[in-house]
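Let us walk through this structure step by step. Keep the model open as you read.

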Amino acid sequence: MTTMQEQTDLTIDFATMSNQIMERVDVLALHTEQEGMMTRTYLTAAHRGAAGQIAAWMRDAGMTVRRDASGNVIGRYEGTDPGSPLLMTGSHFDTVRNGGRYDGPLGILLPIGCVAEWNRQGKRFPFAVEVVAFCEEEGVRFKAPLLGSRAIAGTFDTRVLDNVDDQGITMHEAMLGADLDPVHLPTAAVARGKIAAFVEVHIEQGPVLQEEGLALGVVTAISGATRYMLELEGVAGHAGTVPMMSRHDAAMAGAEIALFIEKRCNAAPGLVGTVGQFTVPNGAGNVIPGRAIMSIDIRAGEDTLRVAAADDITMEIERICARRGVRANVKKTYEAVSVGCADWLQQRWTASLQRHGCAPRSLPSGAGHDGMIIAAIAPIAMLFVRCGNGGISHNPAETMTAEDAALASRVFVDFVENFEVPAAGQA
Ligand SMILES: [Zn+2]
């Protein structure tokens, strides 16, 4: 069917492609609210500038582009038939304050680069490929995260439209100002079953792949989390006069609890526990702490691991406090179950990795992602790309290499070119 000349055209220059991806990440980073910092929050001028730039790149790659009612920018690369099933990919283009430039944009710009190559080759698949640039994932401006994916999943909670930003502007007003009418939000929803799979390429945002010398990993699940606020009440006293044996020190009870959390979460791979806040209200250098307040955050890819750890920790809090004569008030503030990546999609990612000489490596995602929302309407999976600088993210020091972008592009192309839409009732 094809001539020799056309066959040579079918090779993709991944080094050039990955250099362009890295350049575009830098260009997108110019769309920021704060000079010299990467800050791009929902529907600010910087955010709208970035949306326009992404749409232009999508068009250049041969996609038709639309903006949905929440502000998601969606590029569609049509399949062999207009009615073809849909493979959806993408990531978010909002950021935290003073964040990194790869968190999100990599998962938008990498697939755009791949689609451009398929378009150049005239290659079509028996499914359409849509690249979604999710408008909002981090929840910075209006203290409500995952807005873009919630719009697509049909689970956008319209109560957040009344949330205000630091300037007192409501989300509702910000949307109208960006020519988005919240009344139309339901039109952004995609029915369950319409998306054959949703896959996201994202930087790992952690050190695991770097420490193991691996460029890529397949995500098993987006971790569930349990969070508590713990208030400890002991007896305040004079630091010089109360003998050690007679004390009911709230902070020392908290310290013992924190060390138990560290030990307990060390005992199982995939389980993490963090005490991120620890305060002694009205504390003074010469007063035995009568009160202490601490946060507890427990996460794991497997819910059974997390629940068992949470149970052990709450029981240990009781034991420690009983022994020390300290009262504990444990309040659960948040609980989310983990969202599993579809086994059949994980297997396909792993096969693509192995075809490109990568050791198979699976790991859970400790951070939340749009996929956990999209999972309500479609099977999801993720490919993690190694971060440099010890895996630091949500930080200007976030980095990755062009070589890893090239390898991730190869694996992404392989994944899509070998993708088969499962028959109804399968997967
Ligand atoms: Zn992200």
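The helices and strands named here are DSSP runs, numbered from the N terminus; a helix has at least four residues and a strand at least two. The model itself is predicted.

Leucine 146 sits in the loop between strand 4 (128-134) and helix 5 (147-153). Its phi is positive, at about 60°, although leucine 146 is not a glycine. Is this residue buried or exposed? Leucine 146 has 22 other C-beta atoms within 10 Å. The cut-off for buried is 20 or more, so leucine 146 is buried.

Leucine 43 lies in the loop between helix 2 (14-28) and helix 3 (45-60). Leucine 43 is not a glycine either, yet it has a positive phi of about 65°. Because 26 other C-beta atoms lie within 10 Å, leucine 43 is buried.

Now turn to the strands. Strand 5 covers residues 195-203. How many of its residues are buried? The count is 9 of the 9, so strand 5 is largely enclosed by the rest of the structure.

Arginine 66 has 13 C-beta neighbours inside 10 Å, so it counts as partly exposed. Arginine 76 is 10 residues away along the chain, and the two C-alpha atoms are separated by 8.4 Å.

The helices come next. Two packed helices are described by the angle between their axes and the distance between the axes.

Start with helix 4 (residues 106-121) and helix 12 (residues 402-417). They pack at an angle of about 60°, with axes 10 Å apart. That angle makes helix 4 oblique to helix 12. The crossing is right-handed. On the helix 4 side, the contact is made by Leu110, Pro111, Gly113 and Cys114. Helix 12 brings Ala405, Ala408, Ser409, Phe412 and Val413. What classes of residue make up this contact? There are 7 nonpolar residues, 2 polar and no charged.

Helix 4 also meets helix 2. The axes of helix 2 and helix 4 come within 10 Å and cross at roughly 140°. That makes helix 2 oblique to helix 4. This crossing, too, is right-handed. Helix 2 supplies Met17, Gln20, Ile21, Arg24 and Val25. They meet Leu106, Leu109, Leu110, Gly113 and Glu117 in helix 4. By class, the contact has 6 nonpolar, 2 polar and 2 charged residues.

How values were computed:
Residues numbered from 1 in each chain as written. Predicted model: local features only at pLDDT ≥ 70, side-chain atom pairs only at ≥ 80, totals over all residues. Buried ≥ 20, exposed ≤ 12 C-beta atoms within 10 Å, placed from the backbone. Axes fitted to C-alpha atoms, helices over the stretch in contact; angles between N-to-C directions. Parallel < 35°, antiparallel > 145°, perpendicular 65-115°, else oblique. Left-handed = near helix turned anticlockwise from the far one by under 90°. Contact = placed C-beta atoms within 7 Å. Nonpolar A, V, L, I, M, F, W, Y, C, P; charged D, E, K, R; others polar.
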